[in-house]
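Please keep the sequence and the 3D view at hand while reading.

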Amino acid sequence: MPAAVDQPHSHKHKRALTALSDMGHQGDQTRSAHRYVSMAAAVAAVGGLLFGYDTGIIASALIFVTKTFSLSTAGQEWVAASLNIGAVFGALLSGPISDRWGRRPAIMVAAGIFIAASVGCGLAPNVSTLITARLWLGAAIGATTQIVPVYVAELAPASRRGGLVSLFQLVFSLGLLLAFFVGYELSGGTGAWRAMFMLGAIPAMLLGLGMFFLPESPRWLLHHEHEPRAVSILYKLRGHKDLVRQELDDVLTVDHKEQTASEGSGLNQRWIRPALIAALGVAAFSQLSGPNVIVYYAPIILSQAGLVHSAALLTSVSVGVTSTITTAMGIALIDKVGRRRMMLTMLPMAALSLFLLGAVFLSSAPLAGGRLVLMVASLLGYIFFNFGSLSVAVWLIAAEVFPLCIRSKAMGLASATVWLSDTLVSLVTLSLVEALGTTGTFWLFGLINVAAFVFVWKYVPETAGTTLEEIESALRSGTFYTNIGRQTASHRS
């Protein structure tokens, strides 16, 4: 790697090293840099709160919206689904914007749209206006799910990238819990839905204001020839000149290869295909494996199966608490244990939990005694093992496996895959319960978790502790499916 530093053809490299030398003598500031990276990741993760809040609040608000506008079943479906439809377009269209104008401005624009759309939902005089506002709300959320993980991945050091990017999913779980709490507290009158929607503007304001004080991605700056600014920011993020120098060498050497390569920068390049398969597959399985079936429909399914409504709601709250706890656990472990290893360890247990859950409902007798205990244990076990693996890794894998030249576009595609898969599952779940029964539905999702395990085993490499540039080099050299960390470690030595 040091040999690449001396290559005379990289003008970016020379300008970056000049900027680094012009900084003069700087002491070791790694502690403050560690805190700075954590703060930046925490502020950016507020985007996950927007995602979680508006995903969860519709369950409470839709009851009152239906009364206000006398909605038919189709009208209710359009109000609920408009968020997902907007999110698909927001995820796909935000990539080129963040590539052109930067990650930080794109997040701030998304926050601004979210504020306006939340107020628009709350003030909507008719259902058409409400659906339009929710389409824009979805576009802002889709953009956030595309940009925030990429932004944090580009700021974080390799050793901490997993936990910091996965904060997005943890805050999403907290947003769901907040939505359940707000929905309960404000469920006093027919017009309560207006306040529920408008309160979503508060975290959006926090995100927009917080991003105002955060830096631009140094990788984006280097790619767009803003070397002095990139070096200054990178020093704040790493705290030591040697660390900055090493990262500059890695980023700019790979950037030079991109600039001089003849294959272009499209998503259809053969060498990028393994990353697309891994990221889009994990994105699809994160929803097709059924977590939102439990989050959205557990009370309905359990009530239909004979559990009293209050007990079904209490079980749903337990699901929210368990998902938050297991996501926090996953964040603590994902850099130490590894992304691939966590998924391969926990997905079989998630499948087993669903098989047991389905077996509980083989009997039509009311749930009681040991069957009730087994039902709750299996349900929460599934949430623990699925949320602790796929749900923790989904945004992280997509944010780290793609090369810089297509990262935003590809992340947008991965985010859109999440939203499309979520929409598909949401539309067919209750129909599956009618066609297959409760047992058949849970067993089907158990088989999908088994398929997810096979997919991860075959197509998803371990990326823990590996820099983004090392991952790109592995893609270019055709060693993506092998142990990337081991490959690059031997290369560095």
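Where in the chain is the place of S70? S70 sits in the loop between α4 (46–69) and α5, where helices (H or I, at least four residues) and strands (E, at least two) are DSSP runs numbered from the N terminus. Phi of S70 is near 50°, a positive value in a residue other than glycine. With a relative accessible area of 63%, S70 is exposed; here buried means under 20% relative accessible area, exposed over 50%, and partly exposed in between, using a 1.4 Å probe and protein chains only.

The model is predicted, so that local features need pLDDT of at least 70 and side-chain atom pairs count only at pLDDT 80 or more, while totals for chains, interfaces and linings use all residues. Residues are numbered from 1 along each chain as its sequence is written, and side-chain values use heavy atoms, with hydrogens and water left out.

**Overall make-up**

The secondary structure of the protein chain comes to 21 helices and zero strands. Of its 493 residues, 57% count as buried. Among contacts in the chain with a separation of 6 or more, 82% are between residues 24 or more positions apart, a contact being heavy atoms within 4.5 Å.

**The nonpolar cores**

In soluble globular proteins, nonpolar side chains tend to be buried together. A nonpolar core is taken here as a set of buried Ala, Val, Leu, Ile, Met, Phe, Trp, Tyr and Cys residues joined through side-chain atoms within 4.5 Å. The largest such core has 121 residues, and those with the most contacts inside it are L130, F197 and L248. Helix α7 (residues 127–155) gives the largest share of this core, 14 residues. Apart from it lies another core, of 17 residues, among them V293, I294, L379 and V425. Leaving aside neighbours within four places in sequence, F197 is in contact with residues including D54, I57, I58, L130 and R134.

**Helices α6 and α10**

Two packed helices are described by the angle between their axes and the distance between the axes. The axes of helix α6 (residues 103–123) and helix α10 (residues 201–212) come within 8 Å and cross at roughly 155°, the axes being lines fitted to C-alpha atoms over the stretch in contact and the angles running from 0 to 180 degrees between N-to-C directions. That makes α6 roughly antiparallel to α10, since angles over 145 degrees count as roughly antiparallel, under 35 as roughly parallel, 65 to 115 as roughly perpendicular and the rest as oblique. On the α6 side the residues that meet α10 include R104, I107, M108 and F114, and on the α10 side they include A201, M205, L207 and F212. The residues of this contact divide into eleven nonpolar, two polar and one charged, where Ala, Val, Leu, Ile, Met, Phe, Trp, Tyr, Cys and Pro count as nonpolar, Asp, Glu, Lys and Arg as charged, and the others, Gly among them, as polar.

**Selected buried residues**

| Residue | Relative accessible area |
|---|---|
| N84 | 11% |
| S353 | 8% |
| S217 | 0% |
| M343 | 0% |

N84 lies in helix α5 (residues 73–101) and, leaving aside its neighbours within four places in sequence, is in contact with W419, D422 and T423. S217 is found in the loop between α10 and α11; not counting residues up to four places away in sequence, S217 touches R103, Y151, E154 and L155.

Helix α17 (residues 339–360) holds S353, and M343 is also found in helix α17. S353 and G446 are 93 residues apart in sequence but 7.8 Å apart in space, C-alpha to C-alpha, and S353 touches S378, G381, Y382 and F385, not counting residues up to four places away in sequence. For M343 and G388, the separation is 45 residues in sequence and 8.0 Å in space, C-alpha to C-alpha.

**Helix α20 and its end**

Helix α20 (residues 468–477) is mostly covered, with seven of its ten residues buried. Those buried residues include L468, I471, A474 and L475, together with the glutamates E469, E470 and E472. α20 is followed by G478, whose phi is positive, near 80°.
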